[in-house]
Amino acid sequence: FGTEKQKEYFLPRIVNVDDWWCEGFSEPDAGSDLASLKTRAVRDGDHYVVNGQKIWTSLAQYSDWIFCLVRTDPDAKKQLGISFLLIDLKTPGVTVRPIQLFDGYHEVCEVFFDNVRVPIENRVGEENRGWEYAKFVLGNGRVTIACVGLSKERIRRIKELAARTRIGGERLIDCADFRKKVAAVEVQLKALEMTQLRVVANSTKLQKGAQDPASSILKIKGSEIQQATAELLMDVIGPYALPYQSEDDFRRKEPPIGPEWAGPIAPAYFNGRKVPIYSGSDEIQKNIIAKAVLGLSSKSA
Ligand SMILES: Cc1cc2nc3c(=O)[nH]c(=O)nc-3n(C[C@H](O)[C@H](O)[C@H](O)COP(=O)(O)OP(=O)(O)OC[C@H]3O[C@@H](n4cnc5c(N)ncnc54)[C@H](O)[C@@H]3O)c2cc1C
């Protein structure tokens, strides 16, 4: 959708990781109902002046640029008044504020725009057609969010650690119940991989700019499998998921309880609860599947 000039400048820098980008779509009152976004961009000569706020912007504190949805026509139907801007985060008037999460990590941020001047040449595509471009970005994103590679690696790790873990003298990897659980997830993952390959193969047959709504299936199944593998890892570490060590233990520099590899597993399990939420929650994906894949309307329910 970008101009040749935009592609020539930005694409090599993205490939080379010269620039780090973040996604400025969600706002405090526009998450699932993204088209309600209010961040306003008003034309002033050869610039837009942007005012508003984004939230849950992943890793914005490390980013150089943000691709942003902004409202350019407040009078149009909400999906039709949105444009897609590329904004340099060093522009005066941009403030990035990391949000402290309950696990201590600053994974998401608030991004504020206060009279931020953005050259019109930094708009992607046509004015007021940003919603179409955003749907394309989100659809493609959901193909990769399926995280097939990550889940394969997790299953390899689960097997490796289960081979080192003993329950009542038996290796966990040899326990029938545990093997059944791992096999069930592996079967699901294989099906996900095949579906992902089908969606990718199908993408060459789509019209330019269209995306396959089946990517929503990938997002849902991918997030279910990521949660299932995180749970299996919790099964492997068992009581070492939340070992109790008193302040005295720390003062006496007692060695940590449990194997050294157990430490990150429980925090990763809790952190993984985010997956069914970002890039459109599971409920929203189900709505997309109902409408765009199964052809159901809200009246057919
Ligand atoms: C870790 C993380 C990283 C993120 N990174 C980014 C980012 O980089 N950039 C960005 O723009 N956004 C990002 N987000 C925001 C994310 O896209 C939104 O959180 C998500 O779209 C849900 O919006 P919301 O939080 O406003 O929840 P809401 O929209 O308020 O939804 C609350 C609940 O209601 C349900 N719900 C809402 N509407 C419907 C409906 N019509 N039918 C059925 N159920 C419904 C939802 O499924 C959800 O369970 C991130 C979120 C997380 C958790």
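Contact means heavy atoms within 4.5 Å. By that rule, 10 residues of domain 1 are in contact with 7 residues of domain 2. The model is predicted, so local features need pLDDT of at least 70 and side-chain atom pairs count only at pLDDT 80 or more, while totals for chains, interfaces and linings use all residues. Residues are numbered from 1 along each chain as its sequence is written, and side-chain values use heavy atoms, with hydrogens and water left out.

The bounds of domain 1 (4-128) and domain 2 (134-300) come from an automatic or database domain assignment. Taken over C-alpha atoms, their centres are 29 Å apart. About 600 Å² is buried between domain 1 and domain 2, and carbon and sulfur atoms give 65% of this; buried area is the accessible area (1.4 Å probe) that two parts lose on being put together, summed over both. Of the area that domain 1 buries against domain 2, Phe25, Ser32 and Glu107 supply 47%, more than any other three residues. The interface has 1 salt bridge, a term for a side-chain nitrogen of Lys or Arg within 4 Å of a carboxyl oxygen of Asp or Glu. Glu107 and Lys274 form a salt bridge through their side chains, at 2.5 Å from N to O.

Strands (E, at least two residues) are DSSP runs numbered from the N terminus, and two strands pair if DSSP finds at least two bridges between them. Strand E5 (residues 82-88) has 6 of its 7 residues buried, meaning under 20% relative accessible area (1.4 Å probe, protein chains only). The pairings of E5 are tabulated below.

| Pair | Bridges | Sense |
|---|---|---|
| E4 (residues 65-71) and E5 | 7 bridges | antiparallel |
| E5 and E8 (residues 123-124) | 2 bridges | antiparallel |

Arg71 has Ile82 of E5 as its bridge partner, and Leu85 is opposite Arg123 in E8.

How values were computed. Buried < 20%, exposed > 50% of the residue type's maximum accessible area, 1.4 Å probe, protein only. Helix = DSSP H or I, 4+ residues; strand = E, 2+ residues; numbered from the N terminus.
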